[in-house]
Structures are given as structure tokens and as C-alpha cells.
Amino acid sequence: MSEHTHSGRFIRSSRRHPCPICGRVKDSDCSWTQDEEQVFCHHAREDLYPGARVGDYAFTGNTKDGRCAHFVRHRERNNRPHRRTIVTPSSKGFSDPKPDQKQAKPKRLSITQLELARCTPIDPTPFIEDGCIRTIRGVENCQLVCTWTHSDFQYVERWDQPDGDKTFVPHHHNGICWENVSGDKPWKVYRRTWDTSIRGLWVIEFEGEKCTEIAESAGYVAISQPGHIHSVGLIVDRYSELVELGCAGIIYVADNDEAGDQKAERCKEAAAQVSLPFVAIRAAAISPGIKSKGSIDDVDDPGDFIAAAIQKAQEELLQPAKGRLWKEREQLQEEAMRLMGKNPDGSMVCPPQDRYVELRAFAKDLGLHLYPDDIRRVVHEARALLAGAVEMLTPEQEITAPEETWLWQGVLLKADSNMLISLPKVGKTTLLIAMIAAWFHGAQSYLGQPLVGTCPPVVIVGPDMPRIRWMKLLKRFGLAEQTAGGKWKLLGPVKGLFSKSEAIQLDDAGLARIADLASAYPGALFIFDSYTKLTSKLGYKEADSRFAGPAEDVQEVCAPHSITMVVLHHAGHSRQGEGAVAASRGSTALPAAFSQVINMAWFKRNESKTDKRVLLETEGREEDLQLLILQNNGGWTLEGDASEQLEALFKQEQEDKLSDAKADVLELCRERWKDHFKRTTRKDVIEKCDGFKTKDGNKDRKALRALRSLEGMGLLESKAETTENGTEIAFKPTE
């Protein structure tokens with residue numbers, strides 16, 4: 001992209017347009033400019049191209065390879081234009097005649113000389129008083145208020161909703177028409193003063209085009225990030241361009257709300273990556289008493305507001321340097337590990353639900369402002385260090401990698417994440433409890449699948465059921481008992497139980513409690529029943545890809561302790577029979593987060609209400625498994641070979657779909673083989689089946705096509721036989 005002015009407005013030109021004087025195509029290192037009168041070429045010397053008026057623009061430097069030079073408009077100094085000499089170019093472009101005598105770079109302004117870039121005042125874009133009314137993003141009666149042009153191929157519309165909220169809709173031109181999406185081309189910072197030099201000067205940044213234009217109307221160069229696309233990486237690219245233009249630093253005015261602080265942190269991180277001085281000032285610090293979400297558009301005098309912002313920025317920059325996360329990382333981790341430790345009497349130093357609060361207060365004492373994600377990251381890292389985790393495996397280390405892959409052969413992966421899916425009331429929880437009870441009481445296998453090793457400790461995180469239902473289920477399999485006083489007691493491998501009465505969620509406090517249990521019972525089996533109940537208060541929708549976030553969090557806290565996780569989740573009614581992964585309700589990101597997915601579905605319940613057989617099938621990183629099982633009072637039993645049953649079911653479904661003619665052919669083949677062990681040929685079909693007794697000459701082909709079709713369905717198999725008339729293809733029914 002190249003810079004030029006057209007009709008008094010700075011724009012970016014695409015690379016496809018050549019220079020009208022020298023014919024060269026623009027790129028990132030060469031540019032030409034144009035105003036209403038004539039073109040100024042910066043590839044050419046004025047003696048070779050008389051149309052290039054050097055007096056209007058100043059040369060600011062050559063590229064490293066000498067291909068071209070950059071020009072900017074002169075700035076008036078004491079009513080005299082500041083001119084610079086253009087060196088003699090080589091045949092390939094401008095070059096430095098004395099490459100060994102480089103001029104020293106000008107020193108950056110000191111903090112006390114902080115100076116904002118000024119510009120000719122520009123009136124703000126007028127608001128539309130009677131804009132069109134439309135439904136925008138599902139909200140009816142939205143009114144168009146304003147349109148801000150970011151470039152020749154990008155603009156943003158502001159629509160006001162009836163409840164007072166605002167919606168910003170980006171548009172881009174795809175070369176044919178306008179589309180209301182951001183598009184593939186990069187969005188720069190919003191700025192209408194690109195023809196004004198910012199070399200050696202600071203610029204002020206606001207949130208939104210409206211605030212930027214108010215600052216420009218006061219005579220200051222101002223910028224803002226596109227509201228719809230402002231990740232740290234994209235901000236880095238935009239700030240890099242400002243650095244190339246010589247920007248000395250940025251004063252960022254954050255809106256007076258929490259979202260404003262978060263945006264300021266992203267911009268601060270991006271500025272640090274390009275070594276651009278950056279200071280963020282909250283609008284409330286500049287103008288006390290400003291309303292929530294307020295900024296420069298809520299003050300009477302924008303000039304006074306910016307002057308106060310400059311003063312606050314100078315005071316902020318003169319403050320001693322505050323702490324940074326990288327510098328105090330070890331201190332934070334040590335404090336986090338201390339909070340997760342135990343006192344000499346065995347009690348916890350800090351309850352799990354209070355650790356994040358204590359760590360946030362500790363960080364504030366260090367001069368750090370951490371967001372919840374930062375606190376969570378520090379806690380996770382400290383927890384991993386306590387568990388002896390390493391950052392990376394290296395050749396110098398002796399690596400421990402257990403050979404046992406399975407906890408329950410073919411069903412549950414050991415020390416890994418498993419998800420068990422079914423419709424409600426199929427028997428997910430009962431299956432796991434019955435397997436654990438059988439294992440604890442000495443069984444070496446369950447439902448024909450080996451149980452590897454000894455039964456591990458079990459922790460049940462089950463807010464899906466109340467206490468009494470859990471107690472009765474565990475008692476049924478000998479894992480709980482009722483005392484003489486009417487109370488209940490857990491037995492066997494069950495070391496902990498969270499029921500509906502013991503409220504727990506997969507939030508920070510819940511994850512901390514789970515992590516403590518994982519460290520207390522390494523190698524244990526953790527059952528989470530159910531995922532929906534454990535995330536119901538976190539604000540995630542099942543269709544949202546973020547719905548898988550809590551599952552990944554709990555995997556992270558369990559992984560250092562070799563915990564086998566089994567998460568129970570409900571299946572979607574509309575996707576039954578589509579496989580284990582597809583059966584999961586909600587976003588596919590959830591089953592994708594697990595190494596093993598197990599599905600339980602009624603086998604033939606739709607055909608017969610008395611058929612209570614369940615098909616258990618798996619999909620994961622190991623070989624898939626299919627079991628046909630039946631629940632009874634004693635648990636579950638294996639009911640035959642699932643593959644054979646599924647094959648028979650598939651054939652029956654195929655037969656039910658046959659036309660009358662093909663059904664007659666299949667019946668003929670079965671009768672001939674059953675009575676005489678004779679195969680059936682197309683001639684037999686023509687003689688015995690009425691549907692093929694036609695007068696046209698294609699009856700042989702029609703009969704053979706019917707036989708081949710049945711063979712393709714797996715209902716017949718063919719063999720070439722030698723007869724008096726030659727070789728003939730004959731068919732018999734499959735077993």
C-alpha cells in the first residue's frame with residue numbers, strides 16, 4: 001500500500017495503480033502523491049520530470065537499497081518553509097553519496113517536552129438526523145446515525161438501538177460490490193490527518209471514531225482502533241506503521257468503564273512489542289465526575305480536556321517504573337504455591353475459594369494490575385510446579401511414560417480425558433458405578449473388557465443428583481451404607497462426593513477444590529456428572545465454542561496428577577445414531593476436547609418398547625469398540641456380538657427399503673438356496689418373477705441389474721459358474 005493525497009484527503013492507494021509520471025507500480029517503499037492540480041512523483045528527479053514540484057514536499061530519507069525516496073509536506077517554521085536537499089540519484093533510484101558518514105539520529109523528546117501533534121481543525125462528520133430504520137443483527141427498529149470512512153474500500157456505520165445501545169457495522173469493497181463484513185484487507189487506525197507529519201511528536205488515541213473527530217476539531221492529530229477488529233496482533237501492525245512515520249509516543253484516553261481498561265491493556269501490550277512509548281489515562285482521571293463510559297464527547301471544552309490529558313500523561317511518565325509480570329513472575333508463583341500449601345497441623349494455608357482474592361491483593365502490592373485470566377495462569381503454573389511438571393522434555397531427562405493406556409480396556413483411557421454421552425435415563429451413571437463396584441470387589445473384567453490394575457480411588461463430582469439418590473445408587477452396588485442412626489457413609493474406593501447439595505461449578509473456586517483433591521489422590525478416577533450442571537452458572541451457551549473452555553480448564557488442573565477423567569454429558573435428540581462424537585449436544589468443540597468419547601444409545605427401543613438393550617460405542621485415539629449391553633438389578637450384562645447384531649439390523653433396514661421387484665428376486669434366491677442349494681441366475685429371475693416377464697429386449701439386463709443391486713446391499717453374493725452355454729454369473733443369499 002502507498003500513501004497519496006487526493007482532493008485534499010489522505011488515502012491509501014492499491015498496488016495495482018502505476019505512477020502517472022514514471023509508470024512504476026507502487027509498493028511499500030515507493031509512493032506518488034496527487035492533489036487537485038497535478039501529480040508529484042517521488043521516483044523521479046525534478047530535472048528529469050519537470051512536473052514534480054519539489055517545493056511542496058520535503059525529502060525525508062531513502063530506502064536501504066536506494067530504490068526510492070520518501071517525501072512529506074513541509075512544515076512551516078517561523079513562516080519559512082523547512083527545505084531539505086535531494087541527493088543525486090543513481091540509475092536505480094536515490095542513493096546515499098556518503099554511506100560511511102551517516103548522520104546521527106535525532107534524539108527523542110524528553111518526557112518534560114511531551115508535545116502532541118497538531119493539525120488544521122477538521123469538523124466532525126455530521127450525524128444523520130433522520131436515518132433509515134432497519135433490523136440490525138436481530139434487533140428491530142435500529143436507526144442509522146453516522147458513517148465513518150476508513151479508506152476507499154472500508155467504512156463503518158453506527159446504528160442506534162431503541163434501548164439506547166449502539167451497533168457498529170463494518171463494510172468493505174471486494175472489488176465488485178460492498179459487503180457488510182470486515183473483509184480480508186487490513187484495517188488501519190482511524191485518522192483523517194494522514195497528510196500531517198507526526199515525526200518526533202506524540203499522538204492521542206481515543207475509543208471510537210466520534211471521539212477521534214472531536215479531538216481533530218480541536219486541532220490535534222488523533223487516532224482510534226477499529227471497534228470490530230482490535231486484537232493485540234492487529235494493533236501491533238497498526239502501531240508499527242506509526243513508528244515508521246516517526247511517532248514519538250501515544251497518549252491513550254480510556255473510557256470510564258471496565259471495558260475501557262481492558263482495551264487500554266491490549267494497546268499497551270501492542271505498543272510494548274514495537275517499542276513505542278505509551279501511557280494510558282482514564283477519562284475519569286482527566287475530568288472527575290464524568291459519566292460511566294464517558295470520554296471527550298462528554299465534556300464542554302475538548303481543548304481543555306486534551307490539555308489536562310497531556311498534564312496527566314507527563315505526571316504518569318515521571319512516576320517510578322511500575323512492576324511488570326515478567327519481572328515479578330517468580331514472586332507471584334512462590335506466593336501461589338504458598339497459598340496452595342498446608343500448615344503443620346494439616347490444615348490448608350488458604351481455602352481454595354479465597355486463593356484468587358489473596359493472590360490479586362499480593363499482585364497489587366507489587367504494583368501489578370492483573371486480570372482474572374492472568375491470575376488463573378499464575379495459579380495453573382504454580383500448581384504444575386508443585387506437581388513436578390516440566391516445561392519441555394529434553395534429551396538429558398529420563399522420561400517416565402507408563403505403558404498402560406487403558407483403565408478399562410477399550411472404554412476408558414487411563415490418565416486421560418473421557419466423555420460419556422447418552423440421552424437422559426439410559427444409564428450412564430449406573431454403568432460407571434457398577435463397573436467400579438465390580439472392580440473393587442475383585443473382578444478382572446467387566447462386560448468382557450479387562451480392568452487394568454487395581455481399582456483406583458474415586459472422586460464423584462455429581463451436582464446432577466441430590467444426596468439421597470447418590471446414596472441409594474452407591475448402596476445398591478455396595479459403595480455406601482446407612483448407619484443405625486439413619487445417616488449414610490461412603491465405602492470402598494469412593495473418597496469424595498459432591499451432590500446437588502454441595503454446590504460446585506467449574507469456576508475458579510471449583511477448579512481449585514478439584515485440584516486439591518487431585519493432588520491428594522494422584523492416579524484417581526474422577527467422575528463429573530454432569531457437564532451441563534457443572535457449567536450452568538458460568539454463562540456459556542451450548543452452541544458456543546467457548547462451552548468447551550471449562551472442560552479444558554479441569555483437564556489442565558488434573559493432568560499433573562495423572563487423573564482419569566470421565567465427564568458425563570447429554571446427547572442431542574436430533575443426532576441419535578450418528579456416532580459418539582456427533583451425538584454430543586451443543587458445539588462440536590466439546591467432544592473435540594476429549595481423547596475418548598463413549599456413546600450409549602437404545603438399540604431397538606423405537607421398534608419395541610420392551611427392548612432395553614443399549615449399544616455402547618466409542619470413538620477416540622485408539623481402536624473403536626462396540627458392545628451390546630443390558631441393564632438389570634445386578635448391573636449390566638453383555639448381550640451378544642454387537643457387530644453381528646448391527647449387521648443384521650442394517651440388512652433388515654436395507655430389505656425394508658426394497659422395491660417389490662427386488663424383494664421378489666431376493667425371495668427367489670433364498671428359496672432356491674434353502675430348498676436345493678442352487679444359485680440363481682438372471683434366466684431364473686426372468687422365468688420365475690413376474691416383474692421381469694417383459695417383451696422388450698432389455699429384460700436380461702434388467703434382471704442382472706437387480707441381482708447386482710442386491711449384491712451391493714450385502715444381501716447376495718455372486719460366483720461365476722460354467723454351464724452348457726458358457727460362463728454364467730450365479731447368486732446366493734449371504735449368511
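Predicted model: local features only at pLDDT ≥ 70, side-chain atom pairs only at ≥ 80, totals over all residues.
User: What sheet do they belong to, and what's the strand order?
Analyst: They sit in an open sheet of four strands, ordered β15-β14-β16-β17, with parallel pairing. The edges are β15 (222-224) and β17 (278-282); each has a single partner strand, so one side of each lacks a neighbour in the sheet. On average, neighbouring strands of this sheet are turned by 30° against each other, ignoring direction.

User: Which strands does helix α3 lie across?
Analyst: Helix α3, residues 258-273, lies across β14 (202-206), β16 and β17. Relative to β17, α3 runs at about 175°.

User: Nice. Now the nine-strand sheet: what's its order there?
Analyst: The order is β26-β23-β27-β28-β20-β29-β30-β31-β32, in an open sheet with mixed pairing. Here β26 (494-498) and β32 (635-638) are the edge strands, and since each has a single partner strand, one side of each is left without a neighbour in the sheet.

User: How do β23 and β27 pair, parallel or antiparallel?
Analyst: Parallel: β23 (residues 458-461) and β27 (residues 525-529) are joined over four bridges. As for a specific partner, V461 is bridged to F528 in β27.

User: And which strands does α10 lie across?
Analyst: Helix α10, residues 467-476, lies across β23, β26, β27, β31 (626-632) and β32. The angle of α10 to β26 is about 155°.

User: Switching to rings. How many aromatic pairs turn up in the whole structure?
Analyst: A search of the whole structure gives eight. One of them is Y155 with W178: the ring centres are 4.9 Å apart and the planes are at 65°, so this pair is edge-to-face. The two residues come from distant parts of the chain, Y155 in strand β11 and W178 in strand β13 (residues 178-179), 23 residues apart.

User: Which residues form an aromatic cluster?
Analyst: F127, W148 and F168 form one.

User: What about lysines: which rings do the charged ends of K185 and K188 sit over?
Analyst: The charged end of K185 sits over the ring of F153, 4.3 Å from its centre. For K188, the ring is that of W194, and the distance to the centre is 3.4 Å.

User: Last topic, loops. Where is S595, and what does its side chain contact?
Analyst: S595 is in the loop between α15 (589-592) and β29 (596-602). With 6% relative accessibility, S595 counts as buried, and its side chain makes a polar contact of 2.8 Å with the side chain of D416.

User: And P162, buried or exposed?
Analyst: P162 counts as exposed, at 59% relative accessibility. P162 lies in the loop between β11 (154-160) and β12 (166-173). Leaving out residues up to four places away in sequence, P162 touches V139, E140 and N141.

Technical notes:
Residues numbered from 1 in each chain as written. Heavy atoms only, no water. Pairing = 2+ DSSP bridges. Contact = heavy atoms within 4.5 Å. Axes fitted to C-alpha atoms, helices over the stretch in contact; angles between N-to-C directions. Buried < 20%, exposed > 50% of the residue type's maximum accessible area, 1.4 Å probe, protein only. Polar contact = N/O pair within 3.5 Å; in protein donor to acceptor, adjacent residues only side chain to side chain. Phe/Tyr/Trp six-rings, centres within 6.5 Å; stacked < 30°, edge-to-face > 60°. Lys NZ or Arg CZ within 6 Å of the ring centre and 35° of its normal.
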